[in-house]
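Welcome, and please get your viewer ready.

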Amino acid sequence: MKTLIVDIMSQLEEKIEGIKRKIEEKMRERGEAYADDVNVWHDNSAFDIANEELMVLRARLKDLEAQLDDPRP
């Protein structure tokens, strides 16, 4: 049982690190979209898409971190 929990925690940690890397990438994309068009509040689809993807990734990260806090299968 202990090995199973360790394996689950290890997998969750790997997923969390992957999500964190994706968040960093999306933040760069959002920054580039902002730099390309400082009129971000209007008609900047690249900025909007990056923002929406960041929201999804952050929600996923929060879920994975909650699972890591309680790794019961």
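The tour below begins with the whole chain and then moves to single residues.

**The whole chain.** Keep in mind that this is a predicted model. Show the chain as a cartoon and you will find 2 helices and 0 strands. The chain has 73 residues, and 23% of them are buried. For contacts between residues at least 6 apart in sequence, 71% join residues at least 24 apart.

**Select K26.** This lysine sits in helix α1, which covers residues 2-36. Is K26 buried or exposed? K26 counts as buried because its relative accessibility is 15%, below the 20% cut-off. Which residues does K26 touch, once neighbours within four places in sequence are set aside? They are A50, E53, L54 and L57.

K26 and E53 form a salt bridge, with their closest N and O atoms 2.6 Å apart. K26 belongs to helix α1 and E53 to helix α2 (residues 45-69), so this pair ties together parts that are 27 residues apart in sequence. E53 itself is partly exposed, at 32% relative accessibility.

With a relative accessibility of 30%, E29 counts as partly exposed. Keep K26, E29 and E53 selected together, and you are looking at a network of salt bridges.

**Move to R60 and D63.** How many salt bridges does a search of the whole structure find? The search finds 3, and one of them joins the side chains of R60 and D63, at 3.0 Å from N to O. R60 and D63 are both in helix α2, 3 residues apart, about one turn of the helix. R60 is partly exposed at 34% relative accessibility, and D63 is partly exposed at 35%.

**Last stop: E13, E14, E17 and E24.** Select these four glutamates and colour the surface by charge. They gather in a patch of negative charge on the surface. Zoom in on E14, which is found in helix α1. E14 counts as exposed because its relative accessible area is 56%, and the cut-off for exposed is over 50%.

Terms used:
Residues numbered from 1 in each chain as written. Predicted model: local features only at pLDDT ≥ 70, side-chain atom pairs only at ≥ 80, totals over all residues. Heavy atoms only, no water. Helix = DSSP H or I, 4+ residues; strand = E, 2+ residues; numbered from the N terminus. Buried < 20%, exposed > 50% of the residue type's maximum accessible area, 1.4 Å probe, protein only. Contact = heavy atoms within 4.5 Å. Patch = residues over 30% accessible without salt bridge, like charges linked within 9 Å, V, L, I, M, F, W, Y side chains within 5 Å. Areas by Shrake-Rupley, 256 points an atom, 1.4 Å probe, with all protein chains shown as cover. Lys, Arg positive; Asp, Glu negative; His and termini not counted. Charge placed at Lys NZ, Arg CZ, Asp CG, Glu CD.
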